[in-house]
Amino acid sequence: MSDKTEITAEKIKDKSIEQLSQIYGPPTTVEFILDDNVSEFRVGLLNEFDKDQTASGNLIVNEITFSLNEEDNLTVWYHGTDYVRHMVYGKMTDF
């Protein structure tokens with residue numbers, strides 16, 4: 001099993017959802033259209049795309065969340081099959 005405390009973009013950005021599932025277990029998946037009206041949890045995604053992309057109403061993002069342990073989650077965002085960013089956070093975090 002991989003060291004879940006040191007999850008960096010370099011370690012996961014070239015892995016498919018299937019490969020990450022083999023490492024971290026089955027995920028929950030949400031697909032949504034990214035626009036300027038996002039929750040605090042997803043606000044960092046706005047830094048990854050330009051305003052024209054988010055204003056188009058056509059920017060579909062896949063949100064893949066893995067339960068790392070009893071306390072932490074890993075969420076990875078993809079645009080199509082392209083890695084966008086990820087975040088490790090406590091399950092009790094209030095966004």
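**A chat about the fold and its aromatic pairs**

Colleague: How many helices and strands are there in the chain?

Modeller: The chain has 3 helices and 4 strands; these are DSSP runs numbered from the N terminus, with helices being H or I of at least four residues and strands E of at least two. This is a predicted model, where local features need pLDDT of at least 70, side-chain atom pairs count only at pLDDT 80 or more, and totals for chains, interfaces and linings use all residues. Residues are numbered from 1 along each chain as its sequence is written, and side-chain values use heavy atoms, with hydrogens and water left out.

Colleague: Nice. Which pattern does the chain follow along the sequence?

Modeller: Along the sequence the pattern is α-α-β-α-β-β-β.

Colleague: What about aromatics: how many aromatic pairs does the structure hold?

Modeller: There are 5 aromatic pairs. Rings of Phe, Tyr and Trp (its six-membered ring) pair if their centres lie within 6.5 Å; planes under 30 degrees apart count as stacked, over 60 as edge-to-face and the rest as tilted.

Colleague: Why is the pair of Tyr24 and Phe66 tilted?

Modeller: Their ring centres are 5.8 Å apart and their planes meet at 55 degrees, so the pair is tilted. The pair joins distant parts of the chain, with Tyr24 in helix α2 (residues 17–24) and Phe66 in strand β2 (residues 60–67), 42 residues apart.

Colleague: Are Tyr24 and Phe66 buried or exposed?

Modeller: Tyr24 and Phe66 are both buried, meaning under 20% relative accessible area, with exposed over 50% and partly exposed in between (1.4 Å probe, protein chains only).

Colleague: And which residues form one aromatic cluster?

Modeller: That cluster is made of Phe41, Trp77, Tyr89 and Phe95.
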